[in-house]
Amino acid sequence: MDLIVNPPREQWPDLCRRNIPADDADVSRAVEEIVGRVAREGDAALRDYARRFDGVELADLRVSSAEIEAAADAVAADVKAAIERAAANIEAFHAAQLPREITVETMPGVVCSQRPVPLRRVGLYIPGGRAPLFSTVLMLAIPARIAGCRDVVLFTPRGPEGIKAEILYAARVAGVDTVYAVGGAQAIAAMAYGTESILRVDKIFGPGNRFVTKAKQLVSTVCSIDMPAGPSEVMILADSSARPDFVAADMLSQAEHGPDSQAMAVVSDAGIAREVAGEVESQMQRLSEARRASVSGSLSKSRIIVLGSRREMLEFADLYGAEHLIISLDDADEAAAAISAAGSIFLGNFSPESAGDYASGTNHTLPTGGWARSLPGVNVDSFIHKITCQRLSRDGLASLAPTITAMARAEGLDAHAAAVTIRLKDDDDLTQA
């Protein structure tokens with residue numbers, strides 16, 4: 001890792017650059033072909049891609065209810081208990097987010113309202129690779145159900161050994177309606193365009209590799225998506241109140257997401273920086289060889305940065321806009337109140353990122369790549385759209401008519417003005433206004 005001491009402000013934007021590979025033209029071409037073929041050929045294309053990419057023959061794209069029920073027997077008791085406890089915490093936190101309908105009389109006879117309406121059909125994508133993210137099933141399906149979505153449909157690939165039982169069990173616990181054994185960019189295309197056996201969805205959620213991410217970007221012109229997705233990231237702010245071994249553990253837990261992930265530590269002095277770097281090296285040696293290889297790629301693009309003042313540390317954190325921001329500073333609550341750009345904040349020495357990733361109750365589907373400066377993580381609102389409504393009495397319209405007609409005519413939209421005056425044609429003063 002790079003260790004940078006008191007960098008001048010003009011260097012800060014460079015230090016905030018993510019560990020994101022350049023756009024791959026081959027990936028773009030492959031995804032365009034996959035999406036186009038699924039849109040044209042439907043189920044036949046999905047079966048062909050399952051054969052080519054996953055090594056399986058799919059007689060039925062939909063996972064049977066019997067298979068979902070049987071998965072429960074294959075999940076270890078402690079994992080089942082963990083899934084259920086995590087689900088309860090996620091439900092408790094997200095249930096409190098439900099929006100309410102509002103009604104406002106903006107002036108006499110003019111009543112405006114806004115009503116939250118759940119999306120009808122949402123599609124959730126869960127990768128099935130080296131680390132099948134059954135926790136993400138809970139993070140997406142539970143708020144969808146709380147929001148009141150009519151259909152919650154999950155897509156995950158079936159490999160030669162089947163679908164991981166924990167994914168199916170989490171789907172059952174979270175109240176998923178339907179599971180399809182379809183993965184990759186082809187799953188995203190199926191959600192966006194529909195096929196003979198799959199209805200298109202109103203919005204697509206979920207993480208994935210570069211092919212999945214590119215597919216989500218490609219179909220976003222015809223189907224809403226949750227957010228731009230990139231490699232996972234963490235920033236830790238630490239002063240003398242922090243534990244260097246805790247900071248190092250948090251950096252490593254983030255780095256093991258993959259070689260594109262990034263871990264940043266912003267510390268108050270060089271002594272802490274050296275201790276953290278030493279702990280990272282020491283703890284890394286305790287990982288398996290496979291994990292060390294993955295972590296090394298991430299750490300090569302990660303940084304420990306020393307900034308001399310608390311104000312600078314907080315300003316740098318806001319510039320970076322971390323997906324996960326751990327604040328291990330004196331008076332962490334005060335520091336958090338000053339932050340305006342972060343996906344999720346973890347306060348104090350005993351709030352590791354892992355807690356939010358799994359079971360504290362907050363959502364772990366968060367903005368990356370600096371999008372935390374303008375986008376929230378997934379929440380109940382992500383599964384809701386809001387419809388406004390207005391009702392005007394004749395007197396209300398009469399009172400508002402001069403305002404409407406003056407503005408419409410100033411914009412050169414005479415028909416807009418006429419739509420008002422025709423309703424009030426008995427009032428000569430208003431029709432001439």
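Let's start inside. The largest nonpolar core has 74 residues, and Val122, Leu138, Phe155, Ile204 and Phe383 have the most contacts inside it. Helix 6, residues 134-147, gives the largest share of this core, nine residues. By nonpolar core I mean buried Ala, Val, Leu, Ile, Met, Phe, Trp, Tyr and Cys residues joined through side-chain atoms within 4.5 Å. Buried is under 20% relative accessible area, with a 1.4 Å probe and protein chains only. Helices are DSSP runs of H or I, at least four residues; strands are runs of E, at least two; both are numbered from the N terminus.

A word on the source. This is a predicted model: local features need pLDDT of at least 70, side-chain atom pairs count only at pLDDT 80 or more, and totals for chains, interfaces and linings use all residues. Residues are numbered from 1 along each chain as its sequence is written, and side-chain values use heavy atoms, with hydrogens and water left out.

Now Ile204. Which residues does Ile204 contact, leaving aside neighbours within four places in sequence? Among them are Gly123, Ile188, Met191, Val219 and Ile225. Contact means heavy atoms within 4.5 Å.

Next, helix 10, residues 244-255. Nine of the twelve residues are buried, including Val247, Met251 and Leu252.

Finally, the whole chain. There are 18 helices and 14 strands. Of 433 residues, 48% count as buried. The C-alpha trace spans about 85 × 60 × 45 Å along its principal axes.

Terms used. Buried means under 20% relative accessible area, exposed over 50%, partly exposed in between (1.4 Å probe, protein chains only).
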